[in-house]
Amino acid sequence: MTELPFSLAWEIKPVPPYSFELTMRKPAGWPLFSNFEVYENEVIWTSTHIMGELAGIRISNEGMTERPKLSAEIFLQRKPSPQKARNLKRTLEHDIGADEDLGPFYSLAKGDDILRHAIRDLHGMHNTSQDTIFPDASLSILLQMAPLKRSDEMMDCYITNYGEEAEFDRKTIPAWPLPERIAHVGPEELASKCKLGYRAKRIVELARRIAEHGFPSIEELEHMDPDEAKRLLLDLPGIGSYSADIIDPHGGFPIDVWSADVFGLLFFGEEPKDKRKEIPRIKETGLKRWGKWSWMAFFYIVQDLGNLSRALDLELRME
DNA sequence: GCGTCCAGGTCTACC
DNA sequence: GGTAGACCTGGACGC
């Protein structure tokens with residue numbers, strides 16, 4: 001457990017529209033940062049690593065979707081320099097999508113037969129991300145070839161045993177493990193303790209590569225040429241097309257055997273018979289239809305399956 | 001109870 | 001360059 005006695009507090013005015021509830025608590029249950037974060041009465045307590053520092057985070061809602069205002073506080077082990085404090089604040093604002101303008105995506109979505117429903121249902125929901133790729137990369141490896149329930153069990157064990165626990169504001173919240181920690185864990189230990197199976201070796205190999213050679217942050221990838229960012233991600237061990245699309249800040253279209261059912265129904269009116277075989281065709285159709293907004297389209301649709309099922313008279317299932 | 005199948009992919013060997 | 005097969009584990013299913 002790591003105590004975080006120092007804190008920085010400030011006000012954030014996100015680019016409207018910004019729905020606090022939809023952004024912090026995605027309808028499909030995706031966490032903001034930590035799988036163990038707490039959300040009560042429009043306040044979220046969570047933890048992550050920002051610029052290499054373990055950070056406890058408390059954000060509360062002080063505004064409305066069209067006039068958003070948030071009260072944020074970052075808790076740290078040590079008092080940061082003024083320069084570092086400025087960077088931490090700016091990075092957190094970026095990670096929670098406060099600087100993201102949804103306007104261009106909404107313009108495209110209004111003219112799309114599927115997305116026009118989703119942007120109405122989820123008005124003001126922003127995309128969020130952690131500071132580095134390792135949490136999402138670990139997540140995507142733990143999602144491989146397993147039912148969601150088993151992936152959740154693997155993640156819970158992995159985070160509680162190997163993640164740092166942030167203690168702040170009378171809360172204790174474990175963050176996703178750092179590559180430097182996992183690089184020193186034997187794959188056999190990870191496999192037996194958390195029943196990761198073959199994924200243990202992949203996650204340790206990935207951690208060792210990042211710990212030894214470094215890797216650009218999410219924001220640095222964002223500023224790269226999209227093809228170069230994708231190439232770097234695909235070069236990592238254990239990361240294939242699906243995982244790269246989950247991590248890539250330039251936005252991919254991460255189709256797996258589950259989403260192949262959903263998007264097969266949406267695009268062609270039927271679930272594919274051979275899901276794995278159909279993934280390339282479904283992916284190509286999505287990328288062609290939504291281009292650079294493919295990730296946002298994917299994100300909005302998977303968060304809105306219940307409403308979309310009714311609006312489009314289709315059986316779009318969560319699992 | 002027991003055997004078989006397969007799940008929110010990726011890598012490797014083989015052709 | 002394209003593709004079958006292996007990979008951990010555990011729940012669902014048929015018998």
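This dialogue walks through some features of a predicted model.

Trainee: What should I know before reading the numbers?

Mentor: This is a predicted model, in which local features need pLDDT of at least 70 and side-chain atom pairs count only at pLDDT 80 or more, while totals for chains, interfaces and linings use all residues. Residues are numbered from 1 along each chain as its sequence is written, chains are lettered from A and ligands numbered from 1 in the order in which they are written, and side-chain values use heavy atoms, with hydrogens and water left out.

Trainee: How many aromatic pairs does the structure hold?

Mentor: Rings of Phe, Tyr and Trp (its six-membered ring) pair if their centres lie within 6.5 Å; planes under 30 degrees apart are stacked, over 60 edge-to-face, and the rest tilted. The structure holds 22 such pairs. One of them joins Phe263 and Phe267, a tilted pair with 5.8 Å between centres and 50° between planes.

Trainee: Where do Phe263 and Phe267 sit in helix H13?

Mentor: Helices (H or I, at least four residues) and strands (E, at least two) are DSSP runs, numbered from the N terminus. An α-helix has 3.6 residues a turn, so residues three or four places apart point the same way. Phe263 and Phe267 are 4 residues apart in H13 (residues 257–268), which means that about one helical turn separates them.

Trainee: Are Phe263 and Phe267 buried or exposed?

Mentor: Buried means under 20% relative accessible area, exposed over 50%, and partly exposed in between (1.4 Å probe, protein chains only). Phe263 and Phe267 are both buried.

Trainee: Which charged residue lies over the face of Trp45, and which over Phe268?

Mentor: The test is that NZ of Lys or CZ of Arg is within 6 Å of the ring centre and within 35 degrees of the ring normal. Lys171 meets it over Trp45, at 4.1 Å from the ring centre. For Phe268 the residue is Arg281, at 4.0 Å from the ring centre.

Trainee: Which helices cover the buried residues of H15?

Mentor: Start with H15 itself (residues 294–302), where 9 of 9 residues are buried. Trp295, Phe298, Phe299 and Tyr300 are among them. Contact means heavy atoms within 4.5 Å. The buried residues of H15 pack against H3 (103–110), H4 (115–121), H12 (241–247), H13, H14 (275–290) and H16 (305–312).

Trainee: How many residues of H5 are buried?

Mentor: In H5, 7 of the 9 residues are buried, so the helix is largely enclosed by the rest of the structure. The buried ones include Phe134, Ile141 and Leu142. H6, H7 (179–182), H9 (199–213) and H12 are among the elements that cover them.

Trainee: What lines the largest cavity?

Mentor: On a 1 Å grid over the protein atoms alone, a cavity is a set of points where a 1.4 Å probe fits but cannot get out, and a pocket is an open set with protein on both sides within 12 Å along at least five of seven lines; lining residues have an atom within 4 Å of a point. Grid points are joined across faces, edges and corners, and a volume is the space filled by probe spheres set on the points. The structure holds 1 cavity of 30 Å³ or more, and the largest cavity has a volume of about 60 Å³. Its lining includes Thr48, His49, Asp131, Phe134 and Trp176. Strand E4 (43–50) and helix H5 (134–142) each supply at least two lining residues.

Trainee: How do the lining residues of that cavity divide?

Mentor: Ala, Val, Leu, Ile, Met, Phe, Trp, Tyr, Cys and Pro count as nonpolar, Asp, Glu, Lys and Arg as charged, and the others, Gly among them, as polar. For the largest cavity that gives 7 nonpolar, 4 polar and 1 charged. The second largest pocket, with about 210 Å³ of space, has 8 nonpolar, 5 polar and 2 charged residues in its lining. Of its 15 lining residues, Thr132, Leu178, Pro179, Glu180 and Ile210 lie nearest the centre.

Trainee: Which backbone angles deserve a look?

Mentor: Pro16 and Pro17 are joined by a cis peptide bond, with omega about -5°; Pro17 is in the loop between E2 (6–12) and H1 (20–24). Met51 has a positive phi, near 50°, and is partly exposed at 32% relative accessible area. Lys195 has a phi near 55° and is exposed, at 57%.
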